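Here is my note on the model, point by point. Please read it with the structure open.

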Amino acid sequence: MARLLTTPSKIARALDWQKVSGSVLSVHIGDSSIDLAVTSHPSTGHPVQALSSIPMELETRKNRKVLKKSVLSELSNIVEDWNVCGLVVSWPVQKEGWCGKPCGNVLHTLDQIAQDTNIVNMKRQVALWDGHHFLNEEDEWGRTAIYSTTSDQEVHVASKEQYREEGMLAADIAADYLRHHFPDLAYDIEVRPASAIETEGRMHSDNDMQSAM
């Protein structure tokens, strides 16, 4: 999986190259589902489009719990349908830079997703995105000085602090990502809920039926 990880700025450059037809898939990996949203280049004027979440369905294979093939198949269809050039995945790191259990869950899930080269490959890489990085200057790997900041707290409770999930939902990731990398184009980016696609689908079906009558 490590060789398929890249920097957020490289995903932005890939989107620049494919600004007419490409998109970025934003991903939030939770305990029970994978939250998704797609975004085109902001110059197109298209809103961030939230997609229906995929349930985190597991099966046992060789005594290990892994994602069902149906989950991978659905992700594969999405990256093909939306011409995805890169994935931006919510990285639930703490403000102090701690990478607790949620980060481990993200890496474990990504490792399984990476087994399907139709989803992730060297031409469609993955960048990790956290909600705090843009507050400070970052290096080429997205690391900031805040990761070395010490806390004034005298007592730390790991179960309540270190392992709290602070990941951003997919549509939030997409909007935040665009504002950071395309500030002049995405300052007022619109976000559409997943239900908008379902509504449009129903409208198209109704129109098709009326045309056939």
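1. Start with Val191. Leaving aside neighbours within four places in sequence, Val191 is in contact with Val48, Ala171 and Ala175; contact means heavy atoms within 4.5 Å. Val191 sits in strand β8 (residues 191–192). Helices (H or I, at least four residues) and strands (E, at least two) are DSSP runs, numbered from the N terminus. At 40% relative accessibility, Val191 counts as partly exposed. The cut-offs are these: buried is under 20% relative accessible area, exposed is over 50%, and partly exposed is in between (1.4 Å probe, protein chains only).

2. Ground rules. This is a predicted model, where local features need pLDDT of at least 70, side-chain atom pairs count only at pLDDT 80 or more, and totals for chains, interfaces and linings use all residues. Residues are numbered from 1 along each chain as its sequence is written, and side-chain values use heavy atoms, with hydrogens and water left out.

3. Overall layout. The chain has five helices and eight strands. Read along the sequence, the pattern is α-β-β-β-β-β-α-β-α-β-α-β-α. Of the 213 residues, 41% count as buried. Take the contacts between residues at least 6 apart in sequence: 68% of them join residues at least 24 apart.

4. Helix α3. This helix covers residues 101–113, 13 residues in total. From first C-alpha to last it reaches 19 Å, close to the 18 Å expected at 1.5 Å a residue. The expected span is 1.5 Å times one less than the number of residues. Which residues of α3 are buried? They are Pro102, Cys103, Val106, Thr109, Leu110, Gln112 and Ile113. An α-helix has 3.6 residues a turn, so residues three or four places apart point the same way. The cover over the buried residues of α3 includes β1 (23–29), β5 (64–67), α2 (69–81), β6 (84–90) and β7 (125–129).

5. The cavity. How many cavities of 30 Å³ or more are there? The count comes to one. On a 1 Å grid over the protein atoms alone, a cavity is a set of points where a 1.4 Å probe fits but cannot get out, and lining residues have an atom within 4 Å of a point. Grid points are joined across faces, edges and corners, and a volume is the space filled by probe spheres set on the points. The largest cavity holds about 40 Å³. Its lining is Val27, Leu36, Leu75, Leu87, Leu110, Ile113 and Ile119. By class, that lining has seven nonpolar residues, no polar and no charged. Here Ala, Val, Leu, Ile, Met, Phe, Trp, Tyr, Cys and Pro count as nonpolar, Asp, Glu, Lys and Arg as charged, and the others, Gly among them, as polar. Leu110 and Ile113 of the lining are also among the buried residues of α3.

6. The aromatic pair. The structure holds one. Trp129 and Tyr177 form it, edge-to-face, at 5.1 Å centre to centre and 80° between the planes. Trp129 lies in strand β7 and Tyr177 in helix α4 (residues 170–181), so the pair ties together parts that are 48 residues apart in sequence. Both Trp129 and Tyr177 are buried. Rings of Phe, Tyr and Trp (its six-membered ring) pair if their centres lie within 6.5 Å; planes under 30 degrees apart count as stacked, over 60 as edge-to-face and the rest as tilted.

7. Positive phi. Most residues other than glycine have a negative phi. Please check two asparagines. Asn63, in the loop between β4 (58–61) and β5, has phi near 65°. Asn63 is exposed, at 77% relative accessible area. Asn83, in the loop between α2 and β6, has phi near 50°. Asn83 counts as partly exposed, at 31%.

8. Two long-range approaches. Gly30 is in the loop between β1 and β2 (33–40). Gly30 is buried, with a relative accessible area of 16%. Its C-alpha is 8.3 Å from that of Asn105, which is 75 residues away along the chain. Ser9 belongs to helix α1 (residues 8–17) and is partly exposed at 28%. Ser9 and His181 are 172 residues apart in sequence, yet 7.2 Å apart in space, C-alpha to C-alpha.

Technical notes:
1 Å grid on protein atoms, 1.4 Å probe; cavity = no way out; pocket = protein on both sides within 12 Å on 5 of 7 lines; lining within 4 Å.
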